[in-house]
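Take a first look at the chain below. The text that follows walks through it part by part.

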Amino acid sequence: MPVLVRSFAKINLGLRIGPRRADGFHELRTIYQTVALHDLIRVEVSRGSDIEISCEDARVPDGESNTCWRVTERVLRALKVKRKVRIFIEKKLPIQGGMGGASSNGVATMLALEKALKRRLTPHDRLRIAAEVGSDLPLFLIGGTVLGTGRGEEVYPFDELPGLHCVTATPAVGVSTPTAFADWDKRQGEPTKLTARKSFDKISEFSQSVYRWLNGSRCTATGVPDKGWDRAEALLLDLVRAGIENDFESVVFPKHPVLRKVKRVLEQSGARYASLSGSGATVYGLFGERQRALKAAADLQAKGTPAQATRMLTREQYWKKLFPGDASGKQTR
Ligand code: C5P
């Protein structure tokens, strides 16, 4: 039986880049947030031993460089089964958009494949495979609001932010993540003991801000909302006050000024918070009211910028909606 699965996107609520490590990756601190935008993936298993990937979008690779391929190969090996696996990807998320589309596709494939094979990986194997394939995969094994540390692959379920409205805009500029990291390194100059120390200080500042926010948010959540803001917006305001920023903006915006412009448009349209997601090219804005979000998305589209209005997805919603038409989503966790 084919298994259909939704592959949701993420945004980054703040991202601090630390020093480059001996393995070439950068130490990161970020808060990931899943949103309702998604690709659709269908997984079919039969006798044989091939992995076949189809997608109408020619930019999606069909071979070993596809995250779905790499996940599938590892899942079959971990479960010690031989099968032909066919994966159909209906691409709706931006490619190289900083929304974790390819990473999410990999995890969605893993969960659908377990279902199609009627076999379960151990939680340890799931996380190991996800982290092996890429830094942004493990977050999709948690969903909702997720704290990311290490190279982004060490993930912890975080206090949930209530589901705000979100507008994502992806101008047609290509941003490569490895290049963005290399630009960041250039900007930092040759790593000396002093710059490495500063870099570590910045990521621990982020952790402290998040910690302060976590403590503060509990007070705000029980307090009276300020100036007509509801609880969700008050929590978000606290997060912004805590100084949550995306370090990639300082290297990606100068190269692609259109992204800074889009961020301004979102702010002027009433976004409570706007930022680059990951290394871009997606810029998002968070809104308290649906009408404002819809209008902001329509205004951007009218100016020729591909934009969509969506919602943040809580952890519970993420798991509930993962398999369309399946009420047993919870058992997948
Ligand atoms: O892990 P992932 O495949 O997403 O990483 C893509 C590239 O981004 C890596 O090869 C590396 O160049 C860079 N990267 C990094 N530090 C991270 C995550 C990714 O330098 N924390």
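Two strands count as paired when DSSP finds at least two bridges between them. Strand β7, residues 165-169, passes that mark with β10: five bridges join the two. They run antiparallel. One bridge can be picked out by its residues. Thr-168 has Gln-308 of β10 as its bridge partner. This is a predicted model, and every value here is computed from it.

Now step back to the whole protein. It has ten helices and ten strands. Of its 333 residues, 55% count as buried. Among contacts between residues at least 6 apart, 74% join residues at least 24 apart.

Return to the sheet. Strands of a sheet pair through backbone hydrogen bonds, either parallel or antiparallel. Here four strands form an open sheet, in the order β8-β9-β7-β10, and the pairing is antiparallel. Its edge strands are β8 (273-276) and β10 (307-311), each of which pairs on one side only. From one strand to the next, the twist averages 20 degrees.

Two helices lie across these strands. Helix α8, residues 257-268, lies across β7, β8 and β9 (283-287). It runs at about 10 degrees to β9. Helix α9, residues 290-302, lies across β7, β9 and β10. Its angle to β10 is about 160 degrees.

The loop between β8 and β9 holds Ala-281. A cis peptide bond joins Gly-280 to Ala-281, with omega at about 10 degrees. Most residues other than glycine have a negative phi, and most peptide bonds are trans.

Which residues of α1 are buried? They are Thr-67, Cys-68, Trp-69, Val-71, Thr-72, Arg-74, Val-75, Leu-76 and Leu-79. An α-helix has 3.6 residues a turn, so residues three or four places apart point the same way. The cover over the buried residues of α1 includes β3 (51-55), β4 (84-90), α2 (101-117) and α3 (123-133).

Look at α3 in that cover. Two packed helices are described by the angle between their axes and the distance between the axes. For α1 and α3, the axes come within 10 Å and cross at roughly 145 degrees. The crossing is right-handed. On the α1 side, the residues that meet α3 are Thr-67, Arg-70, Val-71, Arg-74, Val-75 and Ala-78. On the α3 side they are Asp-125, Arg-128, Ile-129, Glu-132 and Val-133.

Just after α1 sits Lys-80, with a positive phi of about 55 degrees. Lys-80 is in the loop between α1 and β4. Is it buried or exposed? Its relative accessibility is 74%, so Lys-80 counts as exposed. Lys-118 also has a positive phi, near 55 degrees, and is a residue other than glycine. It lies in the loop between α2 and α3. With a relative accessible area of 74%, Lys-118 is exposed.

Take Gly-174 to begin with, in the loop between β7 and α4 (177-188). Its relative accessibility is 59%, and exposed means over 50%, so Gly-174 counts as exposed. Gly-174 and His-256 are 82 residues apart in sequence. In space, their C-alpha atoms are 9.2 Å apart.

Then turn to Tyr-318, in helix α10, residues 315-321. At 2% relative accessibility, it counts as buried, because buried means under 20%. Along the chain, Tyr-318 and Phe-8 are 310 residues apart, yet 7.9 Å separates their C-alpha atoms. What does Tyr-318 touch, not counting residues up to four places away in sequence? The list is Phe-8, Thr-34, Phe-140, Ile-142, Gly-143, Gly-144 and Leu-313.

Technical notes:
Residues are numbered from 1 along each chain as its sequence is written. This is a predicted model: local features need pLDDT of at least 70, side-chain atom pairs count only at pLDDT 80 or more; totals for chains, interfaces and linings use all residues. Side-chain values use heavy atoms; hydrogens and water are left out. Buried means under 20% relative accessible area, exposed over 50%, partly exposed in between (1.4 Å probe, protein chains only). Contact means heavy atoms within 4.5 Å. Axes are lines fitted to C-alpha atoms, for helices over the stretch in contact, and angles run from 0 to 180 degrees between N-to-C directions. A crossing is left-handed if the near helix is turned anticlockwise from the far one by less than a right angle, and right-handed if clockwise.
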